[in-house]
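I am keeping these notes while I look through a protein model, going from its inside to its surface.

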Amino acid sequence: MVELKDRLSTSLCGVELDNPVIPASGTFGFGYEMAEVYDINILGSISFKGTTLNPRFGNPTPRIAECESGLINSVGLQNPGLEKVISEELPKLRNCFRKPLIANISGFSVDEYVQCCERMDKEEQVEILEVNISCPNVHNGGMAFGTSARAAAEVTAAVRAVTTKKLFIKLSPNVTDIVAIAKACEEAGADGITLINTLLGMRIDTMRRKPVIANKMGGFSGRAIFPVALRMVWQVANACNIAVIGCGGVASASDVIEMMMAGASAVQVGAENLHNPYACKEIIEALPAEMDRLGIERLKDIIGIVK
């Protein structure tokens, strides 16, 4: 009989994970905060809060708008900046989490991406750099890099030149041809692709006759976007020869299995963490029973089986 660890284990370009469930960046803080709620070592990995070269207060408030089966956020990459993340946040996380980490990196120029990744490359516990070229909540950069195959390839190649870590590029769904952009990243040296970041959304306060969010638009996430994310994971996994991390609307063990059947080697849980802080833990604990129900012996066996 196959041991539970072997049943759930997966690999991201040689980075071995005990299971495929990873909290998505921006929905789990720097990880150590959640260690007070449960033993976070149950997780496959953690993609910790998006990091920029300089500290960011974020966008003006209000930043959150509720929706059916989801939410819109316009937080704007609030974080203490690269040096404080490395000197203060990561040591706290290392004290309570012993597994490989994913560093989510954002920037407003190619040079900023390069500086952040070059510095993060020296952090031993960080084994994957997840370069976010898809955030819709910032100006003068962010999603602009992720909506052009040429720009996406430029960032990828520049970062590839300064890091030996596994390099995943997080792409925006707000494009007409996700495959072309993913292929451009692959050709420029990416080891993998994370799909998807949030869709652009908006809500209006009908009493005040004004947008709910100060920035007017923000990133729409939650269960409602799962079919879009699944479709893009399937498209890219079947068009490219690099690893894919599936993200977008994942809320159950069944969703994880769907994502892996579509071609994801691991799966990130985002907005569901904000609704239920125990979401990742509950999904991991539910996976064996769901696998039994479907006759799945090992998760590795189902990656990309849907063609």
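This is a predicted model: local features need pLDDT of at least 70, side-chain atom pairs count only at pLDDT 80 or more; totals for chains, interfaces and linings use all residues.

Entry on Phe48. Which residues does Phe48 touch, not counting those up to four places away in sequence? I listed its contacts, including Ser25, Gly29, Phe30, Val85, Leu90, Met120 and Val126.

Entry on aromatic pairs. I found three aromatic pairs in the structure. One of them is formed by Tyr113 and Phe145, with 5.6 Å from centre to centre and 85 degrees between the planes, and it is edge-to-face. I also checked where the partners sit: Tyr113 is in helix 3 (residues 110-120) and Phe145 is in helix 4 (residues 143-146), so that the pair links parts of the chain that are 32 residues apart. Is Tyr113 buried or exposed? Tyr113 counts as buried because its relative accessibility is 0%, and Phe145, with a relative accessible area of 13%, is buried too.

Entry on the surface. I turned to a nonpolar patch there, which Leu200, Met202, Ile204 and Met217 form, with about 370 Å² of accessible area together. I placed Met217 in strand 14 (residues 217-221), and I wrote down that Met217 counts as partly exposed because its relative accessibility is 45%.

Definitions and conventions. Residues are numbered from 1 along each chain as its sequence is written. Side-chain values use heavy atoms; hydrogens and water are left out. Patches are made of residues with over 30% relative accessible area and no salt bridge: like charges are joined within 9 Å, nonpolar side chains (Val, Leu, Ile, Met, Phe, Trp, Tyr) within 5 Å. Accessible areas come from the Shrake-Rupley method with a 1.4 Å probe; for residues, only the protein chains shown count as cover. A salt bridge is a side-chain nitrogen of Lys or Arg within 4 Å of a carboxyl oxygen of Asp or Glu. Helices (H or I, at least four residues) and strands (E, at least two) are DSSP runs, numbered from the N terminus. Buried means under 20% relative accessible area, exposed over 50%, partly exposed in between (1.4 Å probe, protein chains only). Contact means heavy atoms within 4.5 Å. Rings of Phe, Tyr and Trp (its six-membered ring) pair if their centres lie within 6.5 Å; planes under 30 degrees apart count as stacked, over 60 as edge-to-face and the rest as tilted.
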